[in-house]
Amino acid sequence: MKSVERRAFKRVTYAVRDEDAALDIVQDSMIRLADKYIDRPAAELPLLFQRILSNATMDWFRRQKVRKAIVRNFSEFESSHEDGDFDLLETLATQDETSARESAADSVSRAQILLLIDSEVSKLPTRQREAFLLRYWEELDVAETASVMGCSEGSVKTHCSRAVHSLAAILKIKGITL
Amino acid sequence: MNRTGLSSSPPVAEAEALQARFAYRVTSHLTHQAAALPQDITERLRIAREQALQKAHAARTVRAPARGAVGLGPVLAWLGSGRSEESSLWLKLASFLPLIVLVSGLIAIQDWHGNNEISAAAEVDASLLADDLPPSAYSDAGFVEFLKSPRE
């Protein structure tokens with residue numbers, strides 16, 4: 001649960017951009033899970049937790065009366081980097097190459113890269129970020145991600161694709177290979 | 001004549017695999033970032049988890065007191081409490097053990113006492129039946145009445 005709660009905290013922090021609020025939301029989600037889903041089989045709990053977390057985040061937005069922000073974040077923005085002229089393969093160097101290149105001096109820049117990636121993920125449109133994180137960080141399949149997000153599987157694939165292309169493009173511009 | 005563009009783009013499955021590969025690289029970096037959360041954040045998360053567990057215990061007590069530990073088991077296990085609900089069930093069962101012993105003892109004593117009374121009465125009856133009846137007994141009205149009365 002430790003890794004789950006940390007990822008949950010990060011995911012909510014990306015959305016609400018407030019660590020205290022994110023902590024409250026994660027705690028509230030844990031309580032809701034324990035309180036309302038006592039009888040559910042253990043296998044269903046991770047997915048339920050993600051769903052509760054998403055709902056709790058939405059509740060937080062509602063309580064904060066930032067409806068304009070919700071409308072803005074949840075509308076389908078076309079990324080400015082989308083369909084750019086780049087090759088995903090260029091951004092993807094092999095792991096061996098990466099580790100071979102890494103030296104002590106690179107460790108410092110590696111920390112900066114982590115921060116940069118964190119920042120770029122947080123800048124993704126909300127739906128794209130949610131789909132990307134649920135699909136590839138929480139490792140839910142497309143159907144489960146769609147279930148948590150309350151959208152179709154096709155939308156999930158589109159959001160994920162757009163998120164990946166946006167990130168690849170911006171990382172390429174910044175000269176970062178993974 | 002767009003065939004050049006189409007042929008240069010990878011097949012869908014390959015593109016998805018490439019996309020997934022890139023995505024997992026990014027999320028592995030995010031995992032590193034999440035692992036390095038500040039101590040105060042991780043502590044607050046831990047406290048939040050423990051508070052959730054306490055509320056879960058309270059909710060279980062209120063909602064299903066007779067159901068015992070079975071219902072909350074999966075949630076507690078997933079939340080990582082590490083507490084054994086099974087042991088509390090055994091404790092509850094063990095608390096009934098003295099009562100069971102007491103009741104069994106009382107039943108045994110009553111049974112033993114009853115057997116004693118029966119054997120004592122049987123001895124008296126046997127000695128009476130085995131003894132000679134004095135002739136004067138036939139002149140006793142009470143004895144005559146006893147002989148006339150139906151046997152149980």
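Over all chains, the count comes to 13 salt bridges. Keep in mind as you browse that this is a predicted model.

**Salt bridges**

- Let's start within chain A, where the side chains of A:Arg32 and A:Asp28 meet in a salt bridge, at 3.1 Å from N to O.
- Why are these two partners about one helical turn apart? A:Arg32 and A:Asp28 are separated by that turn because they sit four residues apart in helix H2 of chain A.
- As a general point, side chains of opposite charge can pair when their charged atoms come close.
- Between chain A and chain B, the count is two salt bridges.
- A salt bridge also joins the side chains of B:Arg44 and A:Asp20, with 2.7 Å from N to O.

**Where chain A meets chain B**

- On the chain A side, 56 residues are in contact with 40 residues of chain B.
- The two chains bury about 4400 Å² between them, and 70% of that area lies on carbon and sulfur atoms.
- Eight residue pairs are in polar contact between chain A and chain B, counting pairs with both residues at pLDDT 80 or more.
- Several helices of chain A each supply at least two residues to the side that touches chain B, among them H1 (2-16), H7 (104-123) and H10 (153-173).
- Which helix gives the most to this side of chain A? That is H2(A), with eleven residues.
- By residue type, the side of chain A that touches chain B divides into 36 nonpolar, six polar and 14 charged residues.

**Helices H3 and H9 of chain A**

- Helix H3 (residues 45-63) and helix H9 (residues 142-149), both of chain A, pack at an angle of about 35 degrees.
- The axes of H3 and H9 in chain A are 9 Å apart, and the crossing of H3(A) and H9(A) is right-handed.
- From H3(A), the residues A:Leu47, A:Gln50, A:Arg51 and A:Ser54 take part in the contact. Their partners in H9(A) are A:Glu144, A:Ser147 and A:Val148.

Methods. Residues are numbered from 1 along each chain as its sequence is written. Chains are lettered from A and ligands numbered from 1 in the order in which they are written. Side-chain values use heavy atoms; hydrogens and water are left out. Axes are lines fitted to C-alpha atoms, for helices over the stretch in contact, and angles run from 0 to 180 degrees between N-to-C directions. A crossing is left-handed if the near helix is turned anticlockwise from the far one by less than a right angle, and right-handed if clockwise. Contact means heavy atoms within 4.5 Å. Buried area is the accessible area (1.4 Å probe) that two parts lose on being put together, summed over both. A salt bridge is a side-chain nitrogen of Lys or Arg within 4 Å of a carboxyl oxygen of Asp or Glu. A polar contact is a pair of N or O atoms within 3.5 Å; within protein, one must be able to donate a hydrogen and the other to accept it, and residues adjacent in sequence count only if both atoms are side-chain atoms. Ala, Val, Leu, Ile, Met, Phe, Trp, Tyr, Cys and Pro count as nonpolar, Asp, Glu, Lys and Arg as charged, and the others, Gly among them, as polar.
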